[in-house]
Amino acid sequence: MTRRPFEPRRHRGRLGRGLAVVLLLAGLLTTVAPAWGADGGPIGTVEAASDGDVVGSPAPLRNVPSVIADVADGQLIVYRMPGIRGNQINATAMLFLPTQAPPTGGWPLVVWGHGTVGWAPECAPSVQLQEHGRWVDGPNAALLATILRMNIAVVAPDYEGLGPVADGVPEGHGYYELSSEGNSMVFAAVAAQRLLGDRLSGQWVPAGWSEGGFAALAAAYYSDRATRADPDLEYRGTITLAPVPDVPAMNRVLWNDIEEAARSGLPPTEHQIEQLVFANAETIYFTRTARYAGYDIDPAEIYGPNMLRFYNENWRTCLDDLNDLVKQDIQNYLDASPAHRLTTYPGIRGDAPNSLPENRRFYAENQGRLENSTLPGSILWLYGTEDITSPATVTYNVVNKMLINDNDINLAVLEGAGHYDVPTVGRPLIQARLKQLFGIT
């Protein structure tokens, strides 16, 4: 559909409310600096970009799910952000604009964080959508369509290190790394505001599911960077769906279940095998992120021979395919001998890697820093009682710790909901909270 031309932005000088002060890392527009290549390295000299600046022109998105395409136009934008290693990099986001005209004052904005997809650039939701026609963000197309029908714009970052390399996205995803996830979200909001100007109201809310639930909380942690980069932006609050707030604690609960299943002496159930897959496959992304971010971690201390092979050979494999490969390997191992048990599979070395000093430091400096902080604004936290990725004891412990630190959290417990059910079951609560935060009647 034809969209009206972008209008020039006019500063309204609005300031965010109750925002914590942190450093803003941004370049000066008048400084001469290296240009960037596809690998993020210098290729020449041009005028330096600020974090949140849009690179080039938006491109129409291909293969948008019909439930979204029926209510919005989709574009891919490229923007600048501070990278995990301190350099400025290119990042990409899918921008969805309602087909309805903007309301008086402009569209409010939801910055949407997707669930885990992988570690390599080609695993990005925008790449999988455009190159393979696959929507990889779980059950969330219908949720985003609901938000767009409310006449709210949505920008959905791929995150640092995920996205089309042809647009200069460098390798190196910050999986559950606080600054990487937070900056990916925050500067996607800045990019949308700079691109659309007065077609946006300036009010924004980070929201997300699973990994994106952590990214939404990270965006709240760094939300004042958005206001400093663009005074038109006003952070309103956060919505987090089924986040994994404490990975080491989740691992301990998971391994207790796996060890109990192995002690029974009975053949493992499908569910128990899935638990072992979950305990192994995604850890590749954590380990690669920690090493990329400079933590001195030896993969041989974390993995037995089978998973070490996957770590070395399949780190580019996106999540669904990686899960399938690991599951088949586990099944082959169990079938090879009646003496083989879930706990003897030569994969991740049980819960032991959590005690390695550099692993402990990675989690303490990222998830630990988040849960021990006081975030601005209110937080709607949706949790399903059947979610094995974030067991009840872990969720309640983290939420209680954050409440002690004076966080304003509304925990919505969705009885009987699993990890993939939360966005659907919780949709009415999400709609109600967005109406409240954006003043929609």
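This section describes the fold, the nonpolar cores, the disulfide, the salt bridges and some local features of a predicted model.

The chain contains 16 helices and 12 strands. Of its 441 residues, 59% count as buried. Among contacts with a separation of 6 or more, 77% are made by residues 24 or more positions apart. The chain exposes about 17,300 Å², and carbon and sulfur atoms supply 52% of this area.

In soluble globular proteins, nonpolar side chains tend to be buried together. In this model the largest nonpolar core has 97 residues, and L109, W204, I284 and W381 have the most contacts inside it. Helix α4 (residues 178-196) provides the largest share of this core, with 11 residues. A second, separate core holds 37 residues, including V71, A141, A412 and V422. The surroundings of I284 can be listed in more detail. With residues up to four places away in sequence left aside, I284 touches Y303, M307, F310, Y311, W315 and L322.

Nonpolar residues are also found on the surface. Y396, L411 and V413 form a nonpolar patch there, with about 210 Å² of accessible area together. Of these residues, V413 belongs to strand β12 (residues 408-414). V413 counts as partly exposed because its relative accessibility is 38%, a value between the limits of 20% for buried and 50% for exposed.

The count of disulfides comes to 1. The bond joins C123 and C318, whose sulfur atoms are 2.1 Å apart. The torsion about the S-S bond is about -95 degrees, so the disulfide is left-handed. The pair links distant parts of the chain, as C123 lies in the loop between β6 (107-113) and α2 (125-132), and C318 lies in the loop between α11 (305-313) and α12 (319-336), 195 residues apart. C123 counts as buried at 1% relative accessibility. C318 also counts as buried, with a value of 17%.

Side chains of opposite charge can pair when their charged atoms come close. The structure holds 12 salt bridges. In one of them, the side chains of R316 and E122 meet with an N to O distance of 2.9 Å. R316 lies in the loop between α11 and α12, and E122 in the loop between β6 and α2, so this pair ties together parts that are 194 residues apart in sequence. The loops that hold R316 and E122 are also those that hold C318 and C123. R316 is partly exposed at 35% relative accessibility, and E122 is partly exposed at 31%. Both residues take part in a network of salt bridges that links E122, E171 and R316.

A salt bridge is also formed by the side chains of E270 and K327, at 2.3 Å from N to O. Because E270 lies in helix α8 (residues 270-280) and K327 in helix α12, this pair ties together parts that are 57 residues apart in sequence. E270 is partly exposed, with a relative accessibility of 49%, and K327 is partly exposed, with 23%.

E365 counts as partly exposed at 27% relative accessibility, as does R361 at 33%.

N63 has a positive phi of about 65 degrees although it is not a glycine. N63 is placed in the loop between β3 (54-60) and α1 (66-69), and is partly exposed with a relative accessible area of 42%. Y159, likewise not a glycine, has a positive phi of about 85 degrees. Y159 is placed in the loop between β7 (153-157) and α4. Y159 is buried, with a relative accessible area of 1%.

G418 is found in the loop between β12 and α15 (422-425). At 11% relative accessibility, G418 counts as buried. Apart from residues up to four places away in sequence, G418 touches E386 and D387. The C-alpha atoms of G418 and T389 are 9.0 Å apart in space, and the two residues are 29 residues apart in sequence.

Terms used: Residues are numbered from 1 along each chain as its sequence is written. This is a predicted model: local features need pLDDT of at least 70, side-chain atom pairs count only at pLDDT 80 or more; totals for chains, interfaces and linings use all residues. Side-chain values use heavy atoms; hydrogens and water are left out. Patches are made of residues with over 30% relative accessible area and no salt bridge: like charges are joined within 9 Å, nonpolar side chains (Val, Leu, Ile, Met, Phe, Trp, Tyr) within 5 Å. Accessible areas come from the Shrake-Rupley method with a 1.4 Å probe; for residues, only the protein chains shown count as cover. A salt bridge is a side-chain nitrogen of Lys or Arg within 4 Å of a carboxyl oxygen of Asp or Glu. Helices (H or I, at least four residues) and strands (E, at least two) are DSSP runs, numbered from the N terminus. Buried means under 20% relative accessible area, exposed over 50%, partly exposed in between (1.4 Å probe, protein chains only). A nonpolar core is a set of buried Ala, Val, Leu, Ile, Met, Phe, Trp, Tyr and Cys residues joined through side-chain atoms within 4.5 Å. Contact means heavy atoms within 4.5 Å. A disulfide is a pair of cysteine sulfur atoms within 2.5 Å.
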